[in-house]
Amino acid sequence: MIFNKNTAKKTAEVLLQVNAIKLSPQEPFTWASGWKSPIYCDNRIILSFPPIRNYIREVMGKQIEKHYGKPDVIAGVATGAIGIGVLVAEYLGLPFIYVRPDAKGHGRKNQIEGFVESGQNVVVVEDLISTGKSSLNAVKALKEANINVKGMVAIFTYGFDVAVENFKKEHISLHTLSNYESLLEQALETNYISQKELETLSEWNSNPSEWNAN
């Protein structure tokens, strides 16, 4: 999971600025998985702030060109990355498709929505990487349709070891604009969190499934 340090801190700054990422060590959130977490991330919020969404769009577009060249198509992972994926595709002047978690149960029963041809090169856009399971599920659907996945670019990753292993196992290159370490650095520097809260947040990240606020 490769990222640029300056971009990582700037991205963390804007995500904190609009509360796309909330840090609450004292009153943790409960994720859908049941995990207790001192952090909650909803990057869809950036779509409501034009200067910030334009920053993310531009940086992500440039990252794609730098690491993967110009693909034939941009693919967003439904539903969180549809909006930002469209913006990135527009910035690059490329077609856009998106991938559902599963095929629809009616109509044409598509899992991949939009026009893409067998053999075309695609870069996948994602908003958030936790374990990587849903992101790689989208990659699998594209590969099964004989589409060449050049890699993935995401806004933010928690940096879990399980995600690193999952991407490595599937031989998928992942570049993220920011990560958990850069987020904590930025939050501490701007007094968003205290040193004690930093320790709590670091502890959670090392063992999220077992962590609890007590």
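Thr79 is found in the loop between strand 5 (73–77) and helix 3, where helices (H or I, at least four residues) and strands (E, at least two) are DSSP runs numbered from the N terminus. A cis peptide bond, with omega at about -5 degrees, joins Ala78 and Thr79. The structure is a predicted model, in which local features need pLDDT of at least 70 and side-chain atom pairs count only at pLDDT 80 or more, whereas totals for chains, interfaces and linings use all residues. Residues are numbered from 1 along each chain as its sequence is written, and side-chain values use heavy atoms, with hydrogens and water left out.

Two packed helices are described by the angle between their axes and the distance between the axes. For helix 2 (residues 50–68) and helix 3 (residues 82–92), the axes come within 9 Å and cross at roughly 65 degrees. Axes here are lines fitted to C-alpha atoms, for helices over the stretch in contact, and angles run from 0 to 180 degrees between N-to-C directions. The crossing of helix 2 and helix 3 is right-handed, a term for the near helix being turned clockwise from the far one by less than a right angle. On the side of helix 2, the meeting residues are Arg53, Ile56, Arg57, Glu58, Met60, Gly61, Lys62, Ile64 and Glu65, and on the side of helix 3 they are Ile84, Leu87, Val88, Tyr91 and Leu92; contact means heavy atoms within 4.5 Å. The residues of this contact divide into eight nonpolar, one polar and five charged. In this division Ala, Val, Leu, Ile, Met, Phe, Trp, Tyr, Cys and Pro count as nonpolar, Asp, Glu, Lys and Arg as charged, and the others, Gly among them, as polar.

Leu92 lies in helix 3 and counts as buried because its relative accessibility is 5%; buried means under 20% relative accessible area, exposed over 50%, and partly exposed in between (1.4 Å probe, protein chains only). Leaving aside neighbours within four places in sequence, Leu92 is in contact with Gly61, Ile64, Glu65, Lys70 and Ile74.

In soluble globular proteins, nonpolar side chains tend to be buried together. The largest nonpolar core has 68 residues, and those with the most contacts inside it are Ile84, Leu142, Phe156 and Tyr158. Such a core is a set of buried Ala, Val, Leu, Ile, Met, Phe, Trp, Tyr and Cys residues joined through side-chain atoms within 4.5 Å. Helix 2 gives the most to this core, with seven residues. Residues up to four places away in sequence not being counted, Ile84 touches Ile46, Leu47, Arg53, Ile56, Arg57, Met60, Val125 and Ile155.

Helix 1 (residues 5–17) has 13 residues and reaches 18 Å from its first C-alpha to its last, close to the 18 Å expected at 1.5 Å a residue; the expected span is 1.5 Å times one less than the number of residues. Buried residues of helix 1 include Thr7, Ala8, Leu15 and Leu16. The buried residues of this helix pack against strand 1 (21–23), helix 2, strand 9 (148–157), strand 10 (174–179) and helix 6 (180–189). Thr7 has a relative accessible area of 15% and is therefore buried; its contacts, not counting residues up to four places away in sequence, are Tyr55, Val59 and Leu177.

Asn19, in the loop between helix 1 and strand 1, has a positive phi of about 60 degrees although it is not a glycine. With a relative accessible area of 36%, Asn19 is partly exposed. Phi of Asn191 is near 60 degrees, likewise a positive value in a residue other than glycine. Asn191 is placed in the loop between helix 6 and helix 7 (195–206) and is exposed, with a relative accessible area of 67%.
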